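Please look through the structure shown here with the sequence at hand.

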Amino acid sequence: MSIARLRDIMRSLRDPATGCPWDKEQTFATIAPYTIEEAYEVAEAIDRNAPDDLKDELGDLLFQVVFHSQMADELGQFDFDDVVDAICSKMERRHPHVFGNIEIADAEAQTVAWEQHKAAERGDEDTSALAGISKGMPEWLRAMKLTKRAARVGFDWPDANAVMDKLAEETQETHHALEQQDPGAVEHEIGDLLFTVINLARKAGVDPGTA
């Protein structure tokens, strides 16, 4: 089945004269929460090892891509073909060991090279190890990515036991803030506590979202 059918359906839904009233009034901002929801439902189907559900959820997620692309096309920004061209170019550019003559030793080396490609493409003045981590992702996931980046430049605990010592320290500080009845300090210390737990999960090889 061609993607053309799905794109035709989307154009019909957004048709100013004959389209669906709900679909016609949507914007990037109103659709974004549905896009995130569909991604989570894909992950859930994978977690349940349910291939039939995964097929359906991947279709729902693909529809989100087509929806955003159609709205952008109406605004003269880009269309679905541009989205496909962009990701194809990106994958080829970021895998020179597959599509070029560069040699990559292993998966770890590829991860480092991938981040270097991303940094070069952004062209940001911010060249720090933490640059480019999206603020739009769930907070626990952003915390995990920040800690992994920091670990690559040597800012890390040696093992999970060392993180447990830090966790005990942060727990004590949180307890103190609660005793002082200082809302700002409580929020700050609970943030430190949660961030430390994320690091504990990472060092223990546990996915914090699954846990």
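How many disulfides does a search of the whole structure find? The search finds zero disulfides. The model is a predicted one, and the values that follow are computed from it.

Next come two helix pairs. Helix α3 covers residues 28-47 and helix α4 covers residues 51-74. Their axes lie 9 Å apart, and the two helices pack at an angle of about 160 degrees. Because angles over 145 degrees count as roughly antiparallel, α3 and α4 are roughly antiparallel to each other. Their crossing is left-handed. On the α3 side, the contact is made by Phe28, Ile31, Ala32, Tyr34, Thr35, Glu38, Ala39, Glu41, Val42, Ala45 and Ile46. On the α4 side, the contact residues are Asp53, Leu54, Glu57, Leu58, Asp60, Leu61, Gln64, Phe67, His68, Met71 and Ala72. Sorted by class, the contact of α3 with α4 has 14 nonpolar, three polar and five charged residues.

The second pair is further along the chain. Helix α9 (residues 160-180) packs with helix α10 (residues 183-204) at an angle of about 165 degrees, and the axes are 9 Å apart. These helices are therefore roughly antiparallel to each other, and the crossing of α9 and α10 is left-handed. From α9, the residues that meet α10 are Ala160, Val163, Met164, Lys166, Leu167, Glu170, Thr171, Glu173, Thr174, Ala177 and Leu178. Their partners in α10 are Ala185, Val186, Glu189, Ile190, Asp192, Leu193, Thr196, Val197, Asn199, Leu200 and Lys203. By class, the contact of α9 with α10 has twelve nonpolar, four polar and six charged residues.

Asp207 is found in the segment after α10. With a relative accessible area of 38%, Asp207 is partly exposed. Asp207 and Leu13 are 194 residues apart along the chain, and their C-alpha atoms are separated by 39 Å.

Conventions: Residues are numbered from 1 along each chain as its sequence is written. This is a predicted model: local features need pLDDT of at least 70, side-chain atom pairs count only at pLDDT 80 or more; totals for chains, interfaces and linings use all residues. Side-chain values use heavy atoms; hydrogens and water are left out. Axes are lines fitted to C-alpha atoms, for helices over the stretch in contact, and angles run from 0 to 180 degrees between N-to-C directions. Helices (H or I, at least four residues) and strands (E, at least two) are DSSP runs, numbered from the N terminus. Angles under 35 degrees count as roughly parallel, over 145 as roughly antiparallel, 65 to 115 as roughly perpendicular and the rest as oblique. A crossing is left-handed if the near helix is turned anticlockwise from the far one by less than a right angle, and right-handed if clockwise. Contact means heavy atoms within 4.5 Å. Ala, Val, Leu, Ile, Met, Phe, Trp, Tyr, Cys and Pro count as nonpolar, Asp, Glu, Lys and Arg as charged, and the others, Gly among them, as polar. A disulfide is a pair of cysteine sulfur atoms within 2.5 Å. Buried means under 20% relative accessible area, exposed over 50%, partly exposed in between (1.4 Å probe, protein chains only).
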